[in-house]
Amino acid sequence: MLDTMNDTSASDREPSDDAPAEAPGSDGTRRSPALIATAIALPVALLVGVVVAAVIVSQSPVNTPVGLGPVPAPEAESESCSQLLDALPEELGDYTRAELADPAPVGAAAWQSGDGEEVVLRCGLDRPEQFDQAAALQVIDDVQWFEVSGAEQGIPASTWFAVDRPVYVALTVPDGSGPTPLQDITATISATLPQQEIDPAPIR
């Protein structure tokens, strides 16, 4: 369970089940979870503070292919990512594995809930910009995660980066999605990818 996390820093930043499931845009529509995943997976946009060019769209219809934009993922075609994607579960709690719309990015997967919310996984990304020697990590089972919240950008989701495996894996989950998606992906990563020493950036 997520409530057994061991925080490697003084702060406790586990996902909140009480957070709102969605946040309206200025025109009353909601931000697409797939676009949220793309924005959060772009380290320059989210972590360095460059303003994200948010696109306000309606919620994706259920059981339609999930469209994901390209993000830098130099290791997406690696053997590690192939092994992880082959081992991914068909369900993450209330989320069911979804087809990706063409052109589907390599090293990505998505799950969709009954109301169209999406959980998105990306494998083989660059090291997150803000993952340095002072970064707060959280340990779930034996996997070390670095959380990037979209709150400051008004994005109702967080992206969790697994930082102690041969490749960086990011999981973007909507606020209020509960602990199951992160727990299930943690179990898959633990069973599929060997643990290794973390490689944070020096403190600037």
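Guide: Let us begin with strand β9 of this predicted model. Tyr168, Ala170, Thr172 and Pro174 point one way from β9, while Val169, Leu171 and Val173 point the other way. Residues on both sides are buried.

Visitor: How many residues of β9 are buried, and what follows for the strand?

Guide: The count is 7 of the 7 residues, so β9 is largely enclosed by the rest of the structure.

Visitor: Which strands pair with β9, and in what sense?

Guide: β5 pairs with β9 in the antiparallel sense over 5 bridges. β8 and β9 form a hairpin, with 5 residues between them.

Visitor: Let us turn to the aromatic rings. What describes a pair of them?

Guide: A pair of aromatic rings is described by the distance of the centres and the angle of the planes.

Visitor: How many aromatic pairs does this model contain?

Guide: The count comes to 2 aromatic pairs. In one of them, the ring centres of phenylalanine 131 and phenylalanine 146 are 5.8 Å apart and the planes stand at 35 degrees, so the pair is tilted. This pair links distant parts of the chain, 15 residues apart: phenylalanine 131 lies in the loop between β5 and β6, and phenylalanine 146 in strand β7. Phenylalanine 131 is buried at a relative accessible area of 1%, and phenylalanine 146 counts as buried at 4%.

Visitor: What is the geometry of the pair formed by phenylalanine 131 and tyrosine 168?

Guide: That pair is edge-to-face, with 6.4 Å from centre to centre and 75 degrees between the planes. It too links distant parts of the chain, since phenylalanine 131 is in the loop between β5 and β6 whereas tyrosine 168 is in strand β9, 37 residues apart. Tyrosine 168 counts as buried at 15% relative accessibility. Phe131, Phe146 and Tyr168 form one aromatic cluster.

Visitor: How many disulfides does a search of the whole structure find, and which residues are joined?

Guide: The search finds 1 disulfide. It joins cysteine 81 to cysteine 123, with an S to S distance of 2.1 Å. The torsion about the S-S bond is about -90 degrees, so this disulfide is left-handed. Cysteine 81 is in helix α3 and cysteine 123 in strand β5, 42 residues apart, and the pair thus links distant parts of the chain. Both cysteine 81 and cysteine 123 are buried.

Visitor: Finally, the backbone. Is the peptide bond from aspartate 102 to proline 103 cis or trans?

Guide: That peptide bond is cis, with omega near -5 degrees. Proline 103 is in the loop between β3 and β4.

Visitor: What is the phi of aspartate 141, and where is this residue found?

Guide: Aspartate 141 has a positive phi of about 55 degrees, although it is not a glycine. Aspartate 141 is found in the loop between β6 and β7. At 60% relative accessibility, aspartate 141 counts as exposed, because the cut-off for that class is over 50%.

Conventions: Residues numbered from 1 in each chain as written. Predicted model: local features only at pLDDT ≥ 70, side-chain atom pairs only at ≥ 80, totals over all residues. Heavy atoms only, no water. Phe/Tyr/Trp six-rings, centres within 6.5 Å; stacked < 30°, edge-to-face > 60°. Helix = DSSP H or I, 4+ residues; strand = E, 2+ residues; numbered from the N terminus. Buried < 20%, exposed > 50% of the residue type's maximum accessible area, 1.4 Å probe, protein only. Disulfide = S-S within 2.5 Å. Pairing = 2+ DSSP bridges.
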